[in-house]
Amino acid sequence: MDGAERRIHPNLPQTEWNSRMASTADIKNGIVLNIDGQLWSVIEFQHVKPGKGGAFVRTKLKNVTTGKTVDRTYNAGAKIEITNVDRRDYQYLYQDGADFVFMDTSDYDQITIPGPVVGDAANFMLENQNVTVALHEGSPLYVELPASVVLEITYTEPGLQGDRSTGGTKPATVETGYQIQVPLFLETGTKVKVDTRSGDYLGRVND
């Protein structure tokens, strides 16, 4: 293992995955790395060339099973192990207890994905919304949403008109049941754009 790398889970047992060896030049958002038998999706990366010392790649990784995120640095050219993941377009149909039902948009086959696999994506999903499901040998690994979605505020305290310049925020519940922070002047019924990675309010959406 490269000297600049930080071991994430050194004591976990090895798991067999269908992987291939590559280098840091192949790192891009969305690829899945096999590290110590665990699968980690690259959600951010940056190639850095400092004035002194060797170049390196700074990454933010998300565990596809637990949802945990970590920062990890690789020396440029270091070997990595990329796991082959099948990404397919699905439509979210409905929630069934703690599970979620999706339909493959290409062949209309339906799959049921457990709540823990869907994870935080459930906070931003509406019925009939298109998503990407990552699968490994037919088993769903995680659900991938667009970077942002439009959701309607279903409840928030009455808006404070004229308070647009203060920068203050208040809690607001959107139609998925998730709570976000929005500017004070927004009211119930307003549609807003929300960042699906952080849950941050991105702006008001006019019909």
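Predicted model: local features only at pLDDT ≥ 70, side-chain atom pairs only at ≥ 80, totals over all residues.
Residues are numbered from 1 along each chain as its sequence is written, and side-chain values use heavy atoms, with hydrogens and water left out.

The protein chain contains 1 helix and 16 strands; helices (H or I, at least four residues) and strands (E, at least two) are DSSP runs, numbered from the N terminus. Of its 207 residues, 39% count as buried. Here buried means under 20% relative accessible area, exposed means over 50%, and partly exposed lies in between, with a 1.4 Å probe and protein chains only. The accessible surface of the protein chain comes to about 11600 Å², and 45% of that surface belongs to carbon and sulfur atoms. Such areas come from the Shrake-Rupley method with a 1.4 Å probe; for residues, only the protein chains shown count as cover. Among contacts between residues at least 6 apart in sequence, 49% join residues at least 24 apart, a contact being heavy atoms within 4.5 Å.

Strand β2 (residues 32-35) pairs with strand β3 (residues 38-48) in the antiparallel sense over 4 bridges; two strands pair if DSSP finds at least two bridges between them. I35 has Q38 of β3 as its bridge partner. The hairpin of β2 and β3 has 2 residues between the strands, and in it D36 takes a positive phi near 55 degrees. Strand β3 is also joined to β4 by 8 bridges, and these strands run antiparallel. Within that pairing, H47 stands opposite V57 in β4.

G67 is partly exposed, with a relative accessible area of 34%. The C-alpha atoms of G67 and W40 are separated by 9.0 Å, and the two residues are 27 apart along the chain.

Strand β15 (residues 191-195) and β16 run antiparallel and are joined by 4 bridges. V192 stands opposite R204 in β16.

Strand β16 also holds V205, which is partly exposed at a relative accessible area of 24%. Leaving aside neighbours within four places in sequence, V205 is in contact with V150, K191, V192 and K193. V205 and K191 are 14 residues apart in sequence, and their C-alpha atoms are 5.3 Å apart in space.

The charged side chains complete the picture. Side chains of opposite charge can pair when their charged atoms come close. A salt bridge is a side-chain nitrogen of Lys or Arg within 4 Å of a carboxyl oxygen of Asp or Glu, and by this rule the count comes to 4 salt bridges. One of them joins R87 to E144, with the closest N and O atoms 3.9 Å apart. This pair links distant parts of the chain, since R87 belongs to strand β7 (residues 86-96) and E144 to strand β11 (residues 139-144), 57 residues apart. R87 is partly exposed at 34%, and E144 is partly exposed at 28% relative accessibility.

Another salt bridge connects D104 with R88, the closest N and O atoms being 3.9 Å apart. D104 in strand β8 (residues 99-104) and R88 in strand β7 are 16 residues apart, and this pair too links distant parts of the chain. D104 is buried at 3% relative accessibility, whereas R88 is partly exposed at 37%. D86, R88 and D104 are linked in a network of salt bridges.

D195 and R197 form a further salt bridge, with the closest N and O atoms 3.3 Å apart. D195 counts as buried at 11% relative accessibility, whereas R197 is exposed at 68%.
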